[in-house]
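Here is a short briefing to read alongside the sequence and the model. Take a moment to look the fold over, then work through the points below.

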Amino acid sequence: MGNPFKIIEDGQNLSAYERNRLFVNLGGTGFVDLSHASATDIDSDSRSVMVADFDGDRAVDLLVAGVGGGPLRLFRNRIPADANRVHLILVGSESNRSAIGSRVTAYCGNRMIVRDVFSANGFMGQSPPQLILGVGEAEIIDRLVIRWPSGQVQTLEDVPVVGTLTVTEGQPGYESRTAGDTQPRQGRG
């Protein structure tokens, strides 16, 4: 490369066209590279990734954007689920509406799962503040404790692991919705 101040004039750029990588956690024992098998190893100048459940199946999908335009690429998660999972949406009333800063602790049998609600930000992208909890073979969350940014603590018990659960700060229970529902169902928790 010549003079760095003449990069544009010389028709060069500093973009790094490197293949994208996807690593899957093996339950805390390591990672496996599924880049090629998942087709996420595109050769692109990818600069951002948004992580969310884009197709409503409670599996984390990836939306990848490149610098300088080009297509947005949606990689739908097709890895077979070997565990139950629940999509949890928190709605703040005294706290911020998106519940950013909340801590959720789920107790399933002898297992404790802790997640914080935040909106993951990266270069040129932001993921929504949502939680997808993988609960193994559990069909019920024995106890779900939500510590809201306001300091309020809300506890729900015997929460079913189905579809999407919406919990509103300060309101008892939750709303439950599965893929075919036209109306949400109320749960006491």
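Strand E9 (residues 103-108) and E10 pair in the antiparallel sense through six bridges; helices (H or I, at least four residues) and strands (E, at least two) are DSSP runs, numbered from the N terminus, and two strands pair if DSSP finds at least two bridges between them. In this pairing, threonine 105 stands opposite valine 114 in E10. This is a predicted model, in which local features need pLDDT of at least 70 and side-chain atom pairs count only at pLDDT 80 or more, while totals for chains, interfaces and linings use all residues. Residues are numbered from 1 along each chain as its sequence is written, and side-chain values use heavy atoms, with hydrogens and water left out.

**The four-stranded sheet**

- E9 and E10 belong to an open sheet of four strands, in the order E10-E9-E14-E15 with antiparallel pairing.
- Strand E10 (111-116) and strand E15 (153-160) are the edges, and each has a single partner strand, so one side of each is left without a neighbour in the sheet.
- On average, neighbouring strands of this sheet are turned by 20 degrees against each other, direction ignored; axes are lines fitted to C-alpha atoms, for helices over the stretch in contact, and angles run from 0 to 180 degrees between N-to-C directions.
- In a regular strand the side chains alternate between the two faces of the sheet.

**The three-stranded sheet**

- A second topic is an open sheet of three strands, ordered E5-E6-E7 and paired in the antiparallel sense.
- Its edge strands are strand E5 (46-52) and strand E7 (73-75), each of which pairs on one side only.
- The twist here averages 20 degrees from one strand to the next.
- Strand E6 (residues 61-66) and E7 are joined by three bridges and run antiparallel, with leucine 62 having phenylalanine 75 in E7 as its bridge partner.

**Strand E8 and its partners**

- Strand E8 (residues 84-91) pairs with strand E13 (residues 131-136) in the antiparallel sense over five bridges, and arginine 85 stands opposite glycine 134 in E13.
- E8 is also joined to strand E16 (residues 164-168) by five bridges, and these two run parallel; leucine 88 stands opposite leucine 165 in E16.

**The nonpolar core**

- The largest nonpolar core has 23 residues, of which Leu88, Leu90, Leu133, Ile141 and Leu144 touch the most other members; such a core is a set of buried Ala, Val, Leu, Ile, Met, Phe, Trp, Tyr and Cys residues joined through side-chain atoms within 4.5 Å.
- E8, E9, E13, strand E14 (140-147), E15 and E16 each supply at least two residues of this core.
- Leucine 133 is in contact (heavy atoms within 4.5 Å) with residues including Leu88, Val104, Ala106, Ile113 and Leu144, not counting residues up to four places away in sequence.

**Loop residues**

- Asparagine 20 sits in the loop between strand E1 (18-19) and strand E2 (23-25), and asparagine 20 is buried, with a relative accessible area of 17%; buried means under 20% relative accessible area, exposed over 50%, and partly exposed in between (1.4 Å probe, protein chains only).
- Leaving aside neighbours within four places in sequence, asparagine 20 touches Ser35, Thr40, Asp41, Ile42, Ser46 and Val64.
- Aspartate 41 lies in the loop between helix H1 (35-38) and strand E4 (43-44) and counts as buried because its relative accessibility is 16%.
- Glutamate 139 is in the loop between E13 and E14, and at 60% relative accessibility glutamate 139 counts as exposed.
- Glutamate 139 and alanine 83 are 56 residues apart in sequence and 9.9 Å apart in space, C-alpha to C-alpha.

**Positive phi values**

- Most residues other than glycine have a negative phi, and most peptide bonds are trans.
- Alanine 39 has a positive phi, near 65 degrees; alanine 39 lies in the loop between H1 and E4 and is partly exposed, with a relative accessible area of 44%.
- Aspartate 158 also has a positive phi, near 50 degrees; aspartate 158 is found in strand E15 and is exposed, with a relative accessible area of 53%.

**The chain as a whole**

- The chain has one helix and 18 strands, and 33% of its 189 residues count as buried.
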